[in-house]
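Visitor: I have a structure on screen and would like to learn how to read its side chains. Where do we start?

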Amino acid sequence: MKKMRIDDKLIKEWKDRNPGKDIFLITVDDKGCVLRSPGRQDLSYASVVKDPMKMNEVLVNQLWVAGDEEMRTDDSLFMALCNKLEEVLKVKDAEIKKL
């Protein structure tokens, strides 16, 4: 399979299809995929899965925008992708102040 080619037009298209979401490129060797940031519905859907590996699989499928299918099907590529999921799932820090 040929290498993913990403240009500004494609990035704009992905952002237009996923308004309000961040878009992430994750690469391993010569393979790559694009995921979007999750929403509450994505996290709720994945949270019912008790097996952590299956939960990662559900999340990757929910957040998938584009990329090389090997990122989902090849175990070593998938495990590398899972190691980066935490950064995709990162939420903003809140501040609390006693009044």
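**Charges, rings and a helix**

Guide: This is a predicted model. Start with a ring: Arg72 lies over the face of Trp64, at 3.9 Å from the ring centre.

Visitor: Is Arg36 buried or exposed?

Guide: Arg36 is buried, with a relative accessible area of 12%. Asp42 is buried as well, at 7%.

Visitor: How do I read a salt bridge within a helix?

Guide: An α-helix has 3.6 residues a turn, so residues three or four places apart point the same way. Take Glu87 and Lys84, 3 residues apart in helix 5, about one helical turn. Their side chains meet in a salt bridge at 3.5 Å, N to O.

Visitor: What caps the N-terminal end of helix 3?

Guide: Asp51 does: a side-chain oxygen lies 2.8 Å from the backbone nitrogen of Met53. Helix 3 covers residues 52-63.

Visitor: Which residues of helix 3 are buried?

Guide: Asn56, Val58, Leu59, Val60 and Leu63. Their cover includes strand 2, helix 2, strand 3, helix 4 and helix 5.

Visitor: How many aromatic pairs does a search of the whole structure find?

Guide: A pair of aromatic rings is described by the distance of the centres and the angle of the planes. The search finds 0 such pairs here.

Note on methods
Residues are numbered from 1 along each chain as its sequence is written. This is a predicted model: local features need pLDDT of at least 70, side-chain atom pairs count only at pLDDT 80 or more; totals for chains, interfaces and linings use all residues. Side-chain values use heavy atoms; hydrogens and water are left out. Rings of Phe, Tyr and Trp (its six-membered ring) pair if their centres lie within 6.5 Å; planes under 30 degrees apart count as stacked, over 60 as edge-to-face and the rest as tilted. A charge sits over a ring if NZ of Lys or CZ of Arg is within 6 Å of the ring centre and within 35 degrees of the ring normal. Helices (H or I, at least four residues) and strands (E, at least two) are DSSP runs, numbered from the N terminus. The expected span of a helix is 1.5 Å times one less than its number of residues. Buried means under 20% relative accessible area, exposed over 50%, partly exposed in between (1.4 Å probe, protein chains only). Contact means heavy atoms within 4.5 Å. A polar contact is a pair of N or O atoms within 3.5 Å; within protein, one must be able to donate a hydrogen and the other to accept it, and residues adjacent in sequence count only if both atoms are side-chain atoms. A salt bridge is a side-chain nitrogen of Lys or Arg within 4 Å of a carboxyl oxygen of Asp or Glu.
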